[in-house]
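Let's take a friendly walk through this chain, from its charged pairs to its core and surface. Have the viewer open and follow along.

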Amino acid sequence: MIQDSQFSSNINYHAEHLLGIDDGAFPSFVKIKKKTFKTLLVGVLLTNMKLEWIGSELITVDGNEATDIIIKIVKKSPIKPDIIFLSGISFAGFNIADPFKINNNLNIPIIIVVDRKPSMSSIKDALMKHFPDWENRWKIIEKTQPLIEIKQTEKSKPIYSYSLGLNDYLTIE
């Protein structure tokens with residue numbers, strides 16, 4: 001059961017197989033200006049909260065293939081996940097994953113979770129400064145707004161989330 005402190009109700013969703021996606025470390029932007037670098041994009045599959053499988057692929061720092069690489073990782077999984085968790089939508093710098101395309105392609109609900117609220121103006125400024133295709137990347141980012149703030153307790157630090165594809169699976173008590 002997923003409990004959301006923003007609601008007085010309990011939200012129930014039975015999910016046996018969870019797949020989380022995150023990227024690896026990579027050199028800072030200043031160091032990679034003239035070269036193309038790759039880093040890992042890793043998928044970790046849990047079944048009933050026990051490690052089931054780990055898969056990975058290389059992803060280009062500031063590239064544009066995050067969506068396709070995530071789909072590839074999910075398709076390699078030995079078990080179809082019930083939910084895909086993304087640690088944001090920006091991987092390997094500004095390699096933006098389109099969660100709507102992932103959801104439509106795989107028919108698996110997506111939950112995006114970040115540990116701090118992004119500065120939308122700073123993101124847009126960086127995209128405009130460094131990427132000729134900044135508008136395409138920005139459109140994907142805009143579609144995942146607004147983020148929902150979630151706090152476990154009144155004193156805890158919030159996390160921020162956006163989800164899609166869950167509505168058909170939820171029951172609210």
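## Salt bridges

This is a predicted model, and a search through the whole of it turns up five salt bridges. One of them joins Glu57 and Lys72, whose closest N and O atoms are 3.5 Å apart. Glu57 belongs to strand E4 (residues 50–60) and Lys72 to helix H2, so this pair ties together parts that are 15 residues apart in sequence. Side chains of opposite charge can pair when their charged atoms come close.

Glu57 also meets Lys76 in a salt bridge, with an N to O distance of 2.7 Å. Taken together, Glu57, Lys72 and Lys76 are linked in a network of salt bridges.

## A bridge to helix H5

Another salt bridge brings together the side chains of Asp98 and Lys143, at 3.9 Å from N to O. Asp98 sits in the loop between E7 and H3, while Lys143 is in helix H5, so the pair ties together parts that are 45 residues apart in sequence. Asp98 is buried, with a relative accessible area of 13%, whereas Lys143 is partly exposed at 40% relative accessibility.

## One side of helix H5

Which residues of helix H5 are buried? In this helix, which spans residues 134–143, they are Trp134, Arg137, Trp138, Ile140 and Ile141. Why do they fall on the same side of H5? They cover an arc of only 160 degrees around the axis, which puts them on the same side of the helix. As for their partners, the buried residues of H5 pack against strand E7 (95–96), helix H3 (99–106) and helix H4 (120–130).

Gln145 has a relative accessible area of 27%, so it is partly exposed. Leaving out residues up to four places away in sequence, Gln145 touches Met120 and Tyr162. Its C-alpha atom is separated by 9.3 Å from that of Ser161, a residue 16 places away along the chain.

## The nonpolar core

The largest nonpolar core has 36 residues, and those touching the most other members are Ile21, Leu41, Ile70, Ile84, Leu86, Phe91 and Ile102. Which element gives the most to this core? Helix H2 does, with six residues.

Setting aside neighbours within four places in sequence, Ile84 is in contact with Leu19, Ile21, Val74, Ile102, Leu106, Ile108, Pro109, Ile110 and Ile111.

Ser77 is found in the loop between helix H2 (66–76) and strand E5 (83–86). Is Ser77 buried or exposed? Its relative accessibility is 10%, so Ser77 counts as buried. Beyond residues up to four places away in sequence, Ser77 touches Leu45 and Trp53.

For a view of the surface, turn to Val44, Leu51 and Ile54, which form a nonpolar patch with about 270 Å² of accessible area together. Val44 has its place in strand E3 (residues 38–47). With 30% relative accessibility, Val44 counts as partly exposed.

## The whole chain

Stepping back, the chain contains five helices and eleven strands. Buried residues account for 39% of its 173 residues. Among contacts between residues at least 6 apart in sequence, 64% join residues at least 24 apart. The chain exposes about 10,400 Å², and carbon and sulfur atoms supply 53% of that area.

Terms used. Residues numbered from 1 in each chain as written. Predicted model: local features only at pLDDT ≥ 70, side-chain atom pairs only at ≥ 80, totals over all residues. Heavy atoms only, no water. Buried < 20%, exposed > 50% of the residue type's maximum accessible area, 1.4 Å probe, protein only. Helix = DSSP H or I, 4+ residues; strand = E, 2+ residues; numbered from the N terminus. Arc of directions from axis to C-beta. Contact = heavy atoms within 4.5 Å. Patch = residues over 30% accessible without salt bridge, like charges linked within 9 Å, V, L, I, M, F, W, Y side chains within 5 Å. Areas by Shrake-Rupley, 256 points an atom, 1.4 Å probe, with all protein chains shown as cover. Salt bridge = Lys/Arg side-chain N within 4 Å of Asp/Glu carboxyl O. Core = buried A, V, L, I, M, F, W, Y, C linked by side-chain atoms within 4.5 Å.
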